[in-house]
Amino acid sequence: MSVQRGAAASAGAAGALFPMDKMIIRGGVPLRGSVALSGSKNACLPIMMASVLTDEPLVIRDVPRLRDVRTAMELLTGLGVAARWTGDHEVELNARHLHSHDAPYELVKTMRASFVALGPLLARCGRARVSTPGGCAIGARPVNLHIAGIRALGARIQLRNGYVEAHAATLTGARIWLDNPSVGATENIMMAAVRARGITVIENAAREPEVQDLARLLRAMGAQIEGAGTHVIEIEGVERLHGAEHSVIPDRIEAGSLMVAAVITGGDLVIKGAPLDQLDAVIAKLIETGAEITVANGDLRVARNRPLMPVELRTLPYPGFPTDLQAQMMALLTQAAGTSVITETIFENRFMHAQELLRMGADIVMKGPTAIVRGPAHLTGAPVMATDLRASMSLILAGLAADNTTEVSRVYHLDRGYEALDQKLRAVGAQIERAPE
Ligand code: EPZ
């Protein structure tokens, strides 16, 4: 399988060590058929980090075979966690012989989600040393809220040599207000607080389904958590957590990306196992563009038979429209008849895909956090370069709608978060091939 071929060739997690594959797409084919979702990357990564909280095994199912999951396994292995695949999509993690509390720069810089190791390591070991993640293609993405929250639980925290060093013989519950509902900070604080003494209340917490999935796992491990999925999460610390089995939720961002693939190609796709209740904002926006969306036997059917209409779109924390689908929507809206306005409110630099879409013939003007997209533009295939995970998907979607051949390079970004995407798209009619760059 090509995704694994890329990953297997890796000696480490750094992008440079992966073969620089590209995707070659011949556009113009409406996608038809049914496609199954993988487990959610963004739910799975913090769940894997939670393994550190117990000396008993965690069995995690519906784990997507992704580069980021491999990086997480590499990080955990370095800490002394016995991590192994026990099935196609099943992983067993056992932190009985945890021997390190150190998450090194080499891994954290390649995958920011590693930073959520801070909370569980501190809770288990009384200390943690986790590299700060450094720069990111989509925005500054500071970790100040993570640190302030963990400090509020009584940890002494120092920043030294690019590392956050945290110490706490015992953590004590506290009331923590997040300046903004950060997903990662909510998860990090939750994982520190589950073993703290007393009650922690996280106010203005992130409500994302991935936070809820982590809370479900932690409860299965014996944690006392209420309110996950609301703005106020209350955690009563317990002395010890035990092993558990857990199935990761399906990937709502993969679902949204495939929905856009159906709409942009004027196709008709059934998306099996789509988490309908998590996709309200996406469904509503796609219907506004002219998509037909129905539910049959619990599966989502997405089709389009008429011209696309422009929309206004603003990314927001859940349950608002997800920033992780903004790039894909931009590709789609290049094909709508009229002017669409996209405002990105979560990350300050998440329009990198626009420059590449322009090279394919899109008409996009950016003004600060807003992109004005005029359509329908006649997209023609071009060599384009992916800059991050969702940008890669945006370019692939544009390629599916473009004339001629589009070559998307640096697809190692894509392999971080979409499992076997080329295979899934080929199975519903797309002309897409992976080739070495
Ligand atoms: C998670 O990132 C996701 N990653 C992102 O997915 C997603 O885009 C993002 O949430 C928003 O939904 C994972 O779950 C692994 P945040 P996270 O903390 O937790 C600011 C993808 O493509 N902020 O909710 O890092 C931050 O700069 C990715 O799969 C602070 O100011 O996002 C941003 O503007 C990319 N201080 C906003 O909050 C902090 O301490 C939201 O970030 C933390 C965050």
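Me: What is M221 in contact with, leaving aside its neighbours within four places in sequence?

Reply: M221 is in contact with A50, L53, T54, L58, L241, H242, G243 and A244; contact means heavy atoms within 4.5 Å. This is a predicted model, in which local features need pLDDT of at least 70 and side-chain atom pairs count only at pLDDT 80 or more, while totals for chains, interfaces and linings use all residues. Residues are numbered from 1 along each chain as its sequence is written, and side-chain values use heavy atoms, with hydrogens and water left out.

Me: Why does H413 count as buried?

Reply: Buried means under 20% relative accessible area, exposed over 50%, and partly exposed in between (1.4 Å probe, protein chains only). H413 has 13% relative accessibility and therefore counts as buried. Not counting residues up to four places away in sequence, H413 touches A386, T387, D388, L389 and S392.

Me: What makes α5 roughly parallel to α7?

Reply: Helix α5 (residues 118-125) and helix α7 (residues 183-193) pack at an angle of about 10°, with their axes 7 Å apart. Angles under 35 degrees count as roughly parallel, over 145 as roughly antiparallel, 65 to 115 as roughly perpendicular and the rest as oblique, so α5 is roughly parallel to α7. L118, G119, P120 and A123 of α5 meet N188, M191 and A192 of α7 in this contact.

Technical notes:
Axes fitted to C-alpha atoms, helices over the stretch in contact; angles between N-to-C directions. Helix = DSSP H or I, 4+ residues; strand = E, 2+ residues; numbered from the N terminus.
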